[in-house]
Every structure is written in C-alpha cells, then in structure tokens.
Amino acid sequence: MKRKLFIVITAMLCALVFVFAGCSDPEGQQGQNDQTTPPSSVIGQGNVLVAYFSCTGNTECIAEIIAEVTDGTLFAIVPEVPYTDADLNYNNSDSRANREQNDENARPAIANEVEDMTSYDTVFIGHPIWWGDAPRIIQTFLESYDFSGKEVYTFSTSGSSSGSGAFNSLSREYHDIDFVENLHFTSSQLASAQTRVQNWIEKLGIMNNEQTNRISFTIGSATVYATVYDNSVARDLVSRLTLTLEFSDYNSTEKIAYLPDGSEDWDLSDAPTSCTPSAGDITMYSPWGNLAIFYRDFRLSNGLVPVGRLDDGAIDLFSAQDGNFTVTIMAV
Ligand SMILES: Cc1cc2nc3c(=O)[nH]c(=O)nc-3n(C[C@H](O)[C@H](O)[C@H](O)COP(=O)(O)O)c2cc1C
C-alpha cells in the first residue's frame, strides 16, 4: 500500500514538473489555466464537441489539439467554485480534491453549459487523472446531458498512471453511454501530443475533411501550421498526406525535400508556372520535383510553383534547423 502511494505521489510530482514545462500546442502558448479566469468556450463548426476539465493546463493542451484536428467545438468545463492550489494539494488528505475523490457521491457544480448538446454526434471528454480516476466533476458533466446516440471518446493526462482505470470505471458506471475509447497521455508523452492526436483522430476517421487547405508541419515536438493554395500542386500535396520527409538546406535560402518514393509526378495541370518566393512560402520546384520552403526572400523563378504559406512566425522553426531534419506534414 505504502509502495503504491509512493508510486502515485512520484507520478504526480512528475506531472507538476511538466506543468511548468508546458506542452506544445497549436498556438505555441502555455496551456496553463488561470484559476480565477475560466477559459471561455470557443465556437467551432461541425458536430464534434471537445469538452474538458483542466486545472493546470495539461488536459487543455490536448483538448485544443483535438478541437483543431476535428474542427470541433471546444468547451471548458468550468467549476462553479474554482480549484485553488490548496484544493489540489494531493499530499493533504483533507484537501478538496482528495475529499471529493473519496466521496463517491460528490458532484462538484459546473458554472457553464453546453449550448446545444443535441447538435453533437461525437463528444470527446478530457480530464486529468486524480488518484487513478476521473475527477468527480466529470460525473457531474455526464449526468447533466443526454448522451444517447452519441459516440463518446475520452482523453486524459497524468503524471505516469494509465488512463484505462478511469475509462473502465466511467464505462461501467454509465453503461448507457457509448464510451468508445480513451487516449491517455502521461507527462512524458505530452510533447508528442500533436502527432499522437492526429494519428488517433485519423484512425477514428473523424478528421475534419472540410478544411483541407490547412496543413501542419511537425519537427520534433514543435508543430506549425500553414494554408495551402487552391491549385493542382497544392491539392496533390494534400492528397499525399500524411508525409514524413527529410529536409536539407539549399543555398542558405530554402529548406528542400523530395517525396519519399522518389516520384516527381506532381499534378501541374492547374498551377502557376513561376513565382517570386518570400520567406514563409511553401513551393514546389517542378524541374526537380522537390518541395522548397523559403526562409529568405528570393527572385522570380521559372518552374517554381507556389503551394502555400506558413502562418506568421512559423518559418523560424525551419530557419533554426541545422543540417538534415525530419518533418511530418499532415492535413488538419
Ligand atoms: C488530486 C490529484 C490527484 C492526482 N492523482 C494522480 C494519479 O493518481 N496518478 C498520476 O499519475 N497523476 C496524478 N495527478 C497528476 C495529474 O493527473 C496530472 O498533473 C494531470 O496532467 C493534470 O492535468 P491538468 O493540468 O489538465 O489539470 C493528480 C493530481 C491531483 C491534483
């Protein structure tokens, strides 16, 4: 028992360390919640709801990525009484969080409401792991709405405990709800959250297909975004995604990569035949068939097809790379 307690406490300490490191999110912001200012709900489109409860930002980071990838509506479950640091002190057996977890009837009140739950077919519910389980406020949330006919996925974060215990107890207790599966992140897995979430959502088949003009570039644990243009080469690129490519420097001006299968048969049927690239432009050089991402401005070049443009500031990630580096390009 003492050993188990030690393991859980060590796990929680790891998690706290991670909170201060932050987790990479699409906007490059730290996902830390301000205890006094609840995050507002962001209205998206489609029929996916991404609801989450997060006190120190880890679960919020994952929620934001899921919402971006699915184009879902992000909904922060805001407790009526915010949790203070003292409330979250798991070392104190009488802290609010510990008391709630020990009381199976505790249902902490929620301050906000999902506007129209009937409009969602798919609901993601995210939470931290508290003593191996979901915080009781998740039960408040589950008991506040009718989930019949909806597919419910959960996602969770912890120091190092698994998420399956919480998923199994929620599925057991709310057996009328169609809980499909859980994606769990320990603190050491948060840095690769973007790739894991995208692979998961792709596997589930609920990628946001309407927004195929947005793509992401992941280098290590960092992800940046870009918009592709409406031309045949850009559409061709999107249709080949997900791609993992090896980039190298060219002429101290651009980072270039060839398709892994060596094919250079890009669809040029409806694309410009030249452009004058500036830093941040994504292009394809048709004589060689390589992608070229410019981090410096360059002159008008024949055969250079404009494919898209990185979001503001995103080019810094490319210009900072030395030597060869691996990039995963995905549709978002
Ligand atoms: C009351 C409490 C209990 C916790 N219990 C566990 C646990 O059993 N296992 C674990 O690995 N981490 C545990 N943690 C750490 C959290 O699961 C982890 O920090 C999580 O990522 C926090 O998510 P958030 O930033 O979204 O609030 C606990 C944290 C608190 C506050």
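The structure is a predicted model, in which local features need a pLDDT of at least 70 and side-chain atom pairs count only at pLDDT 80 or more, whereas totals for chains, interfaces and linings use all residues. Residues are numbered from 1 along each chain as its sequence is written. The pLDDT, which is the predictor's confidence in each residue on a scale from 0 to 100, has a mean of 86 in the protein, and 84% of the residues reach 70 or more. Over residues 1-8 the pLDDT is below 50, and this stretch has two contacts beyond near neighbours in sequence, a contact being a pair of residues whose C-beta atoms, placed from the backbone, lie within 7 Å. Residues 13-46 also have a pLDDT under 50, although the model gives them 76 contacts beyond four places in sequence.

The protein contains eight helices and 15 strands, where helices (H or I, at least four residues) and strands (E, at least two) are DSSP runs numbered from the N terminus. Of its 332 residues, 39% count as buried; a residue is buried if 20 or more other C-beta atoms lie within 10 Å of its own, exposed if 12 or fewer do, and partly exposed in between, with C-beta atoms placed from the backbone. Among the contacts between residues at least 6 apart in sequence, 75% join residues at least 24 apart.

D71, in the loop between α2 (58-70) and β2, has a positive phi of about 60° although it is not a glycine. D71 counts as buried because it has 20 C-beta neighbours inside 10 Å. W131, in the loop between β3 and α4 (136-142), likewise is a residue other than glycine with a positive phi, here near 50°. W131 has 17 other C-beta atoms within 10 Å and is therefore partly exposed.

The other sheet described here is a closed barrel of eight strands, running β6-β7-β14-β11-β12-β9-β8-β15 with antiparallel pairing, and its twist averages 35° from one strand to the next. Helix α7 (residues 232-240) packs on the sheet, touching β6, β7, β8 (243-250), β11 (281-285), β14 and β15, and its direction makes about 60° with that of β14. In the loop between α7 and β8 lies T242, and the peptide bond from L241 to T242 is cis, with omega near 10°.

Strand β6 (residues 214-219) is mostly covered, since five of its six residues are buried. Six bridges join β6 to the antiparallel strand β7 (residues 222-228), with R214 partnered by T227, and in the hairpin of these strands, which has two residues between them, G220 takes a positive phi near 60°. Strand β6 is also joined by four bridges to β15 (residues 325-331), again antiparallel, and T218 stands opposite T328 in β15. Strand β7 in turn is linked to the antiparallel strand β14 (residues 304-310) by three bridges, where V228 has G308 as its bridge partner. Y225, a residue of β7, is partly exposed because 16 other C-beta atoms lie within 10 Å. The C-alpha atoms of Y225 and D311 are separated by 5.8 Å, although the two residues are 86 apart along the chain.

Terms used:
Two strands pair if DSSP finds at least two bridges between them. Axes are lines fitted to C-alpha atoms, for helices over the stretch in contact, and angles run from 0 to 180 degrees between N-to-C directions.
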